[in-house]
Amino acid sequence: MAQITLKNLAHSYDPTPRSEADYALKEMDHIWEDGGAYALLGASGCGKSTLLNIISGLLRPSHGRVLFGETDVTDAPTAARNIAQVFQFPVVYDTMTVRENLAFPLRNRKMDPGYIKARVDQIAAMIGLEAELSRKARGLTADAKQKISLGRGMVREDVNAILFDEPLTVIDPHMKFELRTQLKSLHREFGHTMIYVTHDQTEALTFADKVVVMHDGRVVQMGTPEELFERPAHSFVGYFIGSPGMNFFEAEIAGAHAIVNGVEVPLGATHGPVPGRTRIGIRPEFCVLDRAGGLPFQIRRIEDVGRHRIIRGEVMGTEVNITVPEGTEIAADATRILFAPEKINVYADDWRVAPLGEEM
Ligand SMILES: Nc1ncnc2c1ncn2[C@@H]1O[C@H](COP(=O)(O)OP(=O)(O)OP(=O)(O)O)[C@@H](O)[C@H]1O
């Protein structure tokens with residue numbers, strides 16, 4: 001296992017890039033801790049696969065270095081990086097049994113047969129394929145084949161990292177949750193460094209200790225699910241994480257208040273001068289309807305979604321959502337919206353501005 005360091009890393013598919021816009025990955029410096037479970041999350045085209053392929057060695061970056069521990073692997077091929085990879089679609093040997101498929105990476109490395117048997121039994125139990133071990137892979141469902149791919153990715157204990165590229169795409173929705181949970185417990189048990197690429201926030205938030213959110217070729221935040229929810233570092237994280245995402249309002253910041261369309265909105269902390277385009281962001285969960293205070297709110301529609309209701313509406317032309325628990329009555333004269341002051345984040349040119357005295 002190893003810590004992965006990305007140093008001044010950048011990549012352009014254009015051999016003669018002229019501006020930052022020509023870079024699929026803008027310059028970045030990041031450390032992925034040894035033994036961490038990371039999810040790499042972002043919309044289609046933001047650069048997730050490019051970054052994963054650079055870490056795995058399928059792609060050489062245009063600039064910068066990749067280190068596994070203290071070793072510079074920038075020019076090392078995939079085979080020399082000692083990593084396991086699980087792709088979107090199953091890669092299994094149809095003519096081999098499930099046991100032979102799972103044992104393949106260990107046999108290749110000439111491990112002791114007794115160890116191979118024990119290890120394969122252990123992995124098969126964790127992915128729920130003990131009963132199928134003697135069956136040929138041919139004829140198994142796509143789900144079962146992908147479980148084999150997952151198992152084979154996990155079977156070696158000595159890898160530097162395991163990289164998963166949207167591994168649950170072909171898995172039945174009911175089984176997704178189960179497999180995610182199993183991957184998480186495999187991580188707890190074996191402590192491998194894992195990087196899991198997905199564009200699905202539920203997948204990312206349930207699997208990972210740290211979620212790495214990418215937007216437009218940049219890592220805009222690397223944080224715990226709680227940090228992404230409470231203190232999105234970039235407005236994209238606010239929009240992308242949460243369902244629905246964060247509400248934003250153009251605002252002027254004056255110390256411990258924001259001024260939104262001439263109305264004073266109290267903030268939970270004091271800010272110094274904030275330059276650039278200033279907005280405040282508040283999650284729908286921290287907004288409430290009111291009769292008198294706050295900003296004027298016009299309800300457009302109410303959606304019942306499982307354990308909560310989403311009230312969709314407008315504040316002076318800006319679309320705004322409020323989330324309330326299921327069964328909450330909505331009074332006809334509730335025409336104002338209030339925000340929990342300590343849950344308001346301030347943004348300047350899309351980046352969060354820490355209030356005075358906040359520990360970084
Ligand atoms: N081989 C390539 N040649 C040229 N441009 C590429 C190549 N591969 C990716 N790109 C471009 O680089 C950018 C990042 O693509 P990348 O595939 O890394 O994104 P992604 O986040 O993995 O997207 P998805 O979730 O759709 O796979 C995109 O603008 C894409 O069009």
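Which residues surround the ligand? In this predicted model, the ligand is surrounded by Y13, A24, G42, S44, G45, C46, G47, K48, S49, T50 and H199. Sorted by class, this shell holds 3 nonpolar, 7 polar and 1 charged residues.

**The annotated domain**

An unreviewed UniProt entry places the feature "domain: ABC transporter" at residues 4-241. That span is 36% helix and 23% strand.

Now to the strands. An open sheet is formed by 6 strands. Their order is β6-β7-β8-β3-β9-β10, and the pairing is mixed. β6 and β10 stand at the edges. Each has a single partner strand, so one side of each is left without a neighbour in the sheet. From one strand to the next, the twist averages 20 degrees.

β6 pairs with β7 in the parallel sense, over 4 bridges. Helix α4 lies across β6 and β7. α4 runs at about 170 degrees to β6.

| Element | Residues | Setting |
|---|---|---|
| β6 | 83-86 | edge of the sheet |
| β7 | 161-165 | parallel to β6, 4 bridges |
| β10 | 218-223 | edge of the sheet |
| α4 | 142-154 | across β6 and β7, about 170 degrees to β6 |

Definitions and conventions: Residues are numbered from 1 along each chain as its sequence is written. This is a predicted model: local features need pLDDT of at least 70, side-chain atom pairs count only at pLDDT 80 or more; totals for chains, interfaces and linings use all residues. UniProt positions are given in the numbering used here, feature names are shortened, and annotations may be inferred rather than shown by experiment. Helices (H or I, at least four residues) and strands (E, at least two) are DSSP runs, numbered from the N terminus. A residue is near a molecule or strand if its C-beta atom, placed from the backbone, lies within 6 Å of it. Ala, Val, Leu, Ile, Met, Phe, Trp, Tyr, Cys and Pro count as nonpolar, Asp, Glu, Lys and Arg as charged, and the others, Gly among them, as polar. Two strands pair if DSSP finds at least two bridges between them. Axes are lines fitted to C-alpha atoms, for helices over the stretch in contact, and angles run from 0 to 180 degrees between N-to-C directions. Two residues are in contact if their C-beta atoms, placed from the backbone, lie within 7 Å.
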